[in-house]
Amino acid sequence: MNSYCDWKNNHSLYTGTTRTFQSFLPNLPSRTFNIRSSSLFTTTAKSSSNSANAASTNLTKIKDDVTEAMRLESIHVFEKYKDWYNTSEHHDNTPEPLFLDALSKDAARYIDKHFDAILFDCDGVLYRGGGHLAPNVADTLTSLIQKGKYVRFVTNNSASSRKALCEKLTSLFGMESSQKQKEDYGVVGGKQKVVLTEDMMVTSGYAAGRYLKRYFYERSDNLTNDGRKDDDREFKKPIVHVVGEKGLRDELNSLAPFHIVTDHDNDNDEDENSITSKTNSSPSSMTRDELSSYTFRHPNIDALVIGLDTNFTYRKLCIAVNLLKRNPSALFIVTNADAFDTVGAMGSESTRYLPGNGSLVACVEAAAGRKGILVGKPSDFLAGLIQDDLIGLKNNNLDNSNGSGDEAQHDNFVDGDTIHIPMERVLMVGDRLDTDVKFGIQSGMRSALVFTGCTTLEHLIDLGVDGSEEEPLPHIFIPHIGVLSEKP
C-alpha cells in the first residue's frame, strides 16, 4: 500500500462513516436520523393518526433500530480500520494496539482478567445524543459492577451535576440510583441488583469543585483545621465567578461553601450561596461606552471558572476578561478544552460541529493574556483524583477469578482489608483521542477507543500507525462497549 489515497481508491467503503445510519435501516423510509440530536428523527411522510400507545411502541422500535445501526456501523468501521492497520507499514519500535472484535467473548474475558477498574466516557461511548443507547450497554455495566469492578463515569461535560448525571444514566439504563455512597460500589444484595450512585459520577464540574475546595479549604499553608483563614479576620466564602450552565454551579455549591456569581444583569438570588442571572433577558452585546460605565457587582473575585455555556455572549466575554485583568491572583479554572462535539452521522454530509468549551476558553485566554488551569480530561489533576480514589478499596470487592475458572493474576497491593489498584490495571474507555485516550496514556492507565463516537475512520488513517503527541493511539480498539458484555 503506497498511500492512503491508493487505499481509499481500492476499497469500496466509506471513510469516516460517510453513510448515514439510514443505510442500515431499509425498513424506516423517509426518515433522516440525527443520532446526537435531542430529536430522534424528522419525516416527510404525512402524519398518521396512530394512537399514543402505537406511537410509543414505534418510538421504542426506532430507538432499538438506531442502537442496531450503531452496532453494525461500529463493527464495519472497526474491521476496515483493523484491515488498514494490519496492512500498513509499521516502525519496529511502535507498540501495536490490540483489536478486540465483536465475534466472540474474548473481549469480555480479556477485560475481566487484566483490569480491576473501568472508567467510561459517556456521550459517544454509553449513548449518543440525548438517549440513543450503545449496544448492550446495560448488560455490560451490570456485568462489570456485579463482578466487583470499580466502575466510574468520567465525562468532560460540565453542564450536569453528578446528581443529574446519575439520574440520567439510571433512567437510560433502567437501573436504580442512590445518593448514598456504597462501599460495595453499586452491588446490593449480592448480584441481584445494581445501583448507580453519585460517587460513581466524575464530571469536569466536579473536578473544578474539588480543585477549588482543595485550594481554599484544604491547604495547610493558610487554613486551620476547620477550613478558616489562619488569622483574626472574619472568614468569608471565596467568591467564584462562573461562566457555564446551572449544573456546574450546582456542583460547585454541593462541594464547599462558595459564593457563586455570574454576570450580574438581572441578578436573582437562587439560594444563599449563589447569585445567578437570567441570561435570556440579559443583553448579549457590550459597547465601549457600556463597558466604561459598567458596575461590577463583585469586582474582587477569588476564582473564575469556565465551563461550556450555550448562552455565551460577547458581554459575558467582556465581563470575564475584565475580572481576570482586575484580579491577577484569582484562580482561572477551565473545566475542559474540548474543541467541538458533533451532531448527525459522523463523516456524512449531515454532520454538524458544535463548538466546545475549548472555543470559549480560547476567547478568554486570548483577551485576558492568561492560561487557564485545566481540571478535566486529560489533566493530571483529574488523574490524581481518580488515583486517590483507588487507594483503600475493600479487598472483597474484587472478583479473584477471570471468568474462566482460572485465578486472575492481580498485581494489586493488598494491605489488610484494603486493596490498592495500580494505574496499569485501570482502563479508560472513550471515543476521543485528544481527551479520553490521551488521559489514559499520560496518567499510566490503559486506554480503549470505541467507534460509536467522534473519532472517524478517515481521521485515524490520516494520523497513521503512530498517532501523534496530541492524539495518541489507544492500547485497545473495540467496535462498541457491548463487546465487553458476556452476552452475545
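**Figure 1. Contacts across the whole chain of the predicted model.** Among contacts (heavy atoms within 4.5 Å) between residues at least 6 apart in sequence, 69% join residues at least 24 apart. This is a predicted model, in which local features need pLDDT of at least 70 and side-chain atom pairs count only at pLDDT 80 or more, while totals for chains, interfaces and linings use all residues. Residues are numbered from 1 along each chain as its sequence is written, and side-chain values use heavy atoms, with hydrogens and water left out. The chain holds 13 helices and 26 strands, where helices (H or I, at least four residues) and strands (E, at least two) are DSSP runs numbered from the N terminus.

**Figure 2. Helix H6 (residues 204–217) with helix H7 (residues 246–255).** These two helices pack at an angle of about 40 degrees, and their axes are 9 Å apart; axes are lines fitted to C-alpha atoms, for helices over the stretch in contact, and angles run from 0 to 180 degrees between N-to-C directions. H6 and H7 are therefore oblique to each other, since angles under 35 degrees count as roughly parallel, over 145 as roughly antiparallel, 65 to 115 as roughly perpendicular and the rest as oblique. Their crossing is right-handed, which means that the near helix is turned clockwise from the far one by less than a right angle. On the H6 side, Gly205, Tyr206, Ala208, Gly209, Arg210, Leu212 and Lys213 meet Leu248, Glu251, Leu252 and Leu255 of H7. Sorted by class, this contact has six nonpolar, two polar and three charged residues, where Ala, Val, Leu, Ile, Met, Phe, Trp, Tyr, Cys and Pro count as nonpolar, Asp, Glu, Lys and Arg as charged, and the others, Gly among them, as polar.

**Figure 3. Helix H6 with helix H11 (residues 380–389).** The axes of H6 and H11 come within 10 Å and cross at roughly 85 degrees, which makes H6 roughly perpendicular to H11. Tyr206, Ala207, Arg210, Tyr211 and Arg214 of H6 make the contact with Phe381, Leu382, Leu385 and Asp388 of H11. These residues divide into six nonpolar, no polar and three charged.

**Figure 4. Helix H9 (residues 314–326) with helix H10 (residues 357–368).** H9 and H10 pack at an angle of about 45 degrees, with their axes 9 Å apart, and that makes H9 oblique to H10. The crossing of H9 and H10 is right-handed. Leu317, Val321, Leu324 and Lys325 of H9 touch Cys363, Val364, Ala367 and Ala368 of H10, and by class the contact has seven nonpolar, no polar and one charged residues.

**Figure 5. The ring pair of tyrosine 81 and phenylalanine 451.** Rings of Phe, Tyr and Trp (its six-membered ring) pair if their centres lie within 6.5 Å, and planes under 30 degrees apart count as stacked, over 60 as edge-to-face and the rest as tilted. By this rule the count comes to 17 aromatic pairs. In the pair shown, the ring centres of tyrosine 81 and phenylalanine 451 are 6.3 Å apart and the planes stand at 45 degrees, so the pair is tilted. The pair links distant parts of the chain, 370 residues apart, with tyrosine 81 in helix H2 (residues 52–86) and phenylalanine 451 in the loop between strand E25 (446–449) and helix H13 (457–463). Both tyrosine 81 and phenylalanine 451 are buried.

Key:
Buried < 20%, exposed > 50% of the residue type's maximum accessible area, 1.4 Å probe, protein only.
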